[in-house]
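Here are my notes on this one, as numbered points. Have the model open while you read.

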Amino acid sequence: MALVIKQNRGIHSRTRKRKSSTHECVEERASRKRSKADSSESDNNTDEDAELEDIPRHATWEAEDPNQMHFLLPLKTKFGIVHQSAVLREQAYEEDSDKELEEVQETEPSLAPQQQPTPQVAAEPSSPVLTVAQLFARRQAKLDEKKQTIADLSTQIINNPEENIGLLKKLRSLCGEKDADVAITVRKYAMISLAAVVKDITPTYRIQDWKEIDKGVKLSKDVLRLRQFEQSLLSNYRLFLELLDKTVQAGLKEKDKVSSKRNRKSALTLLEGGEDILQSSLQGLAEVALTCLCDLVVSLSHFNFCNNILVILVPRMNSKALDGKVSQLCCGAIEKLFEGDMVGEVSLEAVQLITKMVKGKNYKARPEVLRTFLHLQLQHVGEQVGAQGSYETEESKAKRKELKMKILKMSKGQRKRLKEEKKLDQELRETEAVERTEKKSKFQTETIKLVFLTYFRILKHATNSPLLPSVLEGLAKFAHLINIDFFQDLMSVLHSLAEAGTLSNRECMLCVLTAFEILSGQGAALNIDSRQFYTQLYEATLQLDALSQKEDVVLAMDCLDRMMRKRREVSMLRIFGFVKRLATVSLQVLPGASLAILATIRKFMNTYSQCQQLLDTECIAGELFRPDVLDPEMSRANSTVLWELSLQQQHYEPTVKAFATHVLLGVPSQGKGSLHAELARKTCSELLSISEVTSSSYLAPPHPHPSQRASSNKRGLYYYSDRGLKNQLIQQAASFEMNNSIDFVYRKQ
């Protein structure tokens, strides 16, 4: 590098020397011309010029250091060409020298590009590097400051909402925090706090738009202050809901149909410096925002924008995002909304949106969507309501007659006063939000119409829909509200579904439960044969085993309970068949299910005293028991005994052993074999939760006798040491005849 710089400087000095020699020649010529022109002047001038000519001349560029001179453009005058130069500063000279070096390097291709000097950049002062502990402490300090700010703002708003309503905007601005260190955490805290504050300060009535109503009306200061508070609360609440909706869309990667692609990248997804938030962080933020929306729709169902929140939540009831957490949150919120809505107005809006969404999905939605209908409060459907909006009882009719007689005896002034009192009473009822029965009946009747319309469409057009179990559960619950004109068609549809063989065991029992519910109410007057449903229940009960869900056992017991309500319609042969079937199933289920089944057998024994003959082992049966027959009346269960109870007496679970002994002794109410009062009052669902063990521990084989333990030989084959027992089992298997009658049946795999 040093050699290259020396060569460049030598070239630069040689070029300057050449330029100086050419300038000297031009100056000598110009001086000769001037001497000839001045020859005609006076002698004094010639003497002075001669003296000046004798003085040696020096160029102006030689007066200074040539390294600090800069040559300017020459000037042409009548005396000749005048060359100009200027003194350079050190910095300017360095820049010119660098440019000349670049020109020389371009003209000399022999120089390698690797030998070119690299410019040195002045190093900026570096910030101190922080350790992980220092970074964590700095973040914690920022977070504590933001948390304190959120707490202060929330406290001030709650303490005096009317005067500090403007602080809602500051609290809402924290929901868009952009500090990269604490952005996500602060936004979560701000959303949850703002939702809690809004729930606390929101009035119990729906705020109206008073701008047009109060136009041209002079208001007092108190009323004006109240109007300003309501409008400010309403605007902040609307903006907060919009912010939550955008946060959910950004976290779940949903497309915004309204905004364009440019506006879709909202400021909510950006941090300081324009950096994007990680998608995993946005998902957590979206979950918090969705939780706030669910909480608001349940708590503020009476307030403004409730329908807007439902529009946000209902489509996401069928979402698979976040491993089903989104659907679980939305369905849970709708269920709580249905349970708390006693009037039915908000429930009607939600049911309309759900039915529209399910129809748009071609009835291929999640079963949890329609399962929310089971939580509807429908106590006032189609009630006969009087003219005054109340029930027309005998007492109310007598009071109305008495009031009419009093009005006839009143004077004109008294009647006028009574009319004004009625008007005032009606206004007071409206302000206190006292809902009339007529309004409840109207909303709930429209709701149940939409529910049944959805159910019947699925039964008719979408029998393979995953919503079918939810439809059958809904029909079983609301069967008493179905019009009697649809009973015949509905029963035929249920029977065809059960006979098709495409339903699961649970769905088949749901069909039976729906049919029993229909026939127990208004359908009892119809001439409908229910024998086919008893046959289906008899077959479905045998499918219960140790792997069955708790809900399936409870459902089977509910079906049998519905059957026992019709004591006159059910024959004793059918009762004997179901009791024997229950005793058989009790051996193949878990202890909790065994308790529920034994409790049902106990109920049969108490209801039908003839079942005691199944405990008599000394009677002689005239016929043979047929467990393979599908019809319980044709199984001849009266010819057998409940030998399964003797096995249950040896159960390892003490409660099961006590229950089996109680049933085997004839269900005594007191004395030996009687049950404890608390245990006797428990329902099937309560008994299922008394003793719950894992299926693996329940199905584990018992330890063999020490004399019969298996041992292994060198080849790894296991054999029993008791060869006599092994030979005896082989002989019994060889002599077994299929024609022999057996008192049990195996489930086909």
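1. Helices here are DSSP runs (H or I, at least four residues), numbered from the N terminus.

2. Before going further, a caveat: this is a predicted model, where local features need pLDDT of at least 70 and side-chain atom pairs count only at pLDDT 80 or more, while totals for chains, interfaces and linings use all residues. Residues are numbered from 1 along each chain as its sequence is written, and side-chain values use heavy atoms, with hydrogens and water left out.

3. H22 itself runs over residues 550–564, and its 15 residues reach 22 Å from first C-alpha to last, close to the 21 Å expected at 1.5 Å a residue (that is, 1.5 Å times one less than the number of residues).

4. His662 sits in helix H26 (residues 654–664) and is buried, at 1% relative accessible area. A polar atom of the His662 side chain lies 2.8 Å from the backbone oxygen of Gly673. Beyond neighbours within four places in sequence, His662 is in contact (heavy atoms within 4.5 Å) with Arg602, Val667, Pro668, Gly673, Ser674 and Leu675.

5. A polar atom of its side chain is 2.7 Å from the backbone oxygen of Val493.

Terms used
Polar contact = N/O pair within 3.5 Å; in protein donor to acceptor, adjacent residues only side chain to side chain. Helix = DSSP H or I, 4+ residues; strand = E, 2+ residues; numbered from the N terminus. Buried < 20%, exposed > 50% of the residue type's maximum accessible area, 1.4 Å probe, protein only.
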